Amino acid sequence: MAPTPAALPPPPPAIRANQHIYTDYFDEQFVETLDQNIMQLLDRVWFRSELVGFEDYPQRNRPDRPLLFASNHSGMAFPWDAMVALAHLWRHLPDLRDLPRPLSAPMLSQSILMNPFLVKDFWKRAGCVDATTLNFETMMYYNDHNLMLYPEGVPGIGKGFNNKYRLQRLATSIVRLGIEHRTDIIPFYTINGEYLNPHTYSWEWVNRLSKKIGIPFIPVGPVLLLVLLQPWFFYMAFPAKLTFVLGSRVKPYELTDKAPAELTRDDYRAISEQLRARMQTELDAAVTKYGQQPYRWGELWQRIKTNWRYFPFFLPWAWPAMYQEFERQYIRAGRRHFDLDLRTPGAYWRMLWRNPFTISFFIPLLGWIPIAIRGYRNHRINKQQAPPPPQQHS
């Protein structure tokens, strides 16, 4: 077992220069307002998420380094699983220092199209940081939050329903940095997320074409035709009951007898495979226990009846109007501490009146033209502009 270093050296100059990633976009007020107005309702009725094993919440083994939370990706679906998990933890944790900030695939933030219902800078405002090597290494020196990763990367999302719950090869970076910084990995398992968009499959030649327009993969299945006919289906999710099961803590620095400087790429791959095998065993057990009834239709119907005053906003076809109105008030108008007042009669129709662009999400085929124009116009702008200054809150 490698000895514990007395103290780590200070961050290298490149990492010190990169620390602006913490505050360029992240806006806690955005997260809080989004959760109060939208995510609480969707979670309460549609996703009905549960945290299993999080009562004794993991604490850092090193106060000066973040824990590395790691989960399996849900195949072929928009990342509602990560959104719901983080929103639930946001409400669950008394100390936001324990909340993981996610490292996300850069493709999610490169174009407005990959942000939910075209909400500008959604992922980064919500705390995501592009999963690059430099950003990951920089975040290891960041102590205000833990970190959250999906170490399967994009292949985990695009693995197809035939590979549901089968962990793809994990990135070696998670074990490398866990070893170098002697911080622990906390696995947790997303159960039923595979049923957010079931019975869809992946073909590599299709995905190669889609990546050229900033979409990491195309889910080929029954929903694909609906996406063409009703663009809002691009972002929709079926009402899978999302269950997040905490796994066993992993100390990656105890998986090798070598010092970090002695480890080769093959060594890291072997350790990463050990981690994948451990996680796969625990994931299989969690699926057996919590994944046999992915939708729980009776529970869903009871939640709908209990929350009927919020109709239609808990149904996916109403989400475009809700997110567009949220963006209008928070981002374009700069309002804070507002209430979308979803229970007011006629609220949905007022949202459509105030946000006529929403109609594009319901126009067969031709609706994709204005959506693509808005999405890819901003894609080009984002590549040219520098990040904005840190958010200032009143």
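**Note on helix packing in a predicted model**

1. Helices here are DSSP runs (H or I, at least four residues), strands are runs of E (at least two), and both are numbered from the N terminus. This is a predicted model, in which local features need pLDDT of at least 70 and side-chain atom pairs count only at pLDDT 80 or more, while totals for chains, interfaces and linings use all residues. Residues are numbered from 1 along each chain as its sequence is written, and side-chain values use heavy atoms, leaving out hydrogens and water.

2. How many of the nine residues of α8 are buried? Seven are, so α8 is largely enclosed by the rest of the structure. Buried means under 20% relative accessible area, exposed over 50%, and partly exposed in between (1.4 Å probe, protein chains only). The buried set is Ile 174, Val 175, Arg 176, Leu 177, Gly 178, Ile 179 and His 181. These residues pack against β2 (68-71), α6 (133-139), β5 (146-149), β6 (185-191) and α11. Contact means heavy atoms within 4.5 Å.

3. Take the α11 partner. The axes of α8 (residues 173-181) and α11 (residues 265-290) come within 8 Å and cross at roughly 100°. That makes the two helices roughly perpendicular (65 to 115 degrees; under 35 is roughly parallel, over 145 roughly antiparallel, the rest oblique). From α8, the contact uses Ile 174, Val 175, Arg 176, Ile 179 and Glu 180; from α11, Tyr 268, Ile 271, Ser 272 and Leu 275. By class, the residues are six nonpolar, one polar and two charged. Nonpolar covers Ala, Val, Leu, Ile, Met, Phe, Trp, Tyr, Cys and Pro; charged covers Asp, Glu, Lys and Arg; the others, Gly among them, are polar.

4. A second pair is α13 (residues 319-332) and α14 (residues 347-354). Their axes are 9 Å apart, at an angle of about 60°. The two are therefore oblique to each other. Ala 321, Met 322, Glu 325 and Arg 328 of α13 meet Tyr 348, Met 351, Leu 352 and Arg 354 of α14. This contact has five nonpolar, no polar and three charged residues.

5. Gln 302 sits in α12 (residues 297-306). At 42% relative accessibility, Gln 302 is partly exposed. Its C-alpha atom is 8.8 Å from that of Val 45, 257 residues apart along the chain.

6. An unreviewed UniProt entry places "transmembrane region" at residues 217-238 and 357-376. Residues 217-238 are 36% helix and 0% strand, with end C-alpha atoms 19 Å apart. Residues 357-376 are 45% helix and 0% strand, with end C-alpha atoms 16 Å apart. Such annotations may be inferred rather than shown by experiment.

Key:
Axes are lines fitted to C-alpha atoms, for helices over the stretch in contact, and angles run from 0 to 180 degrees between N-to-C directions.
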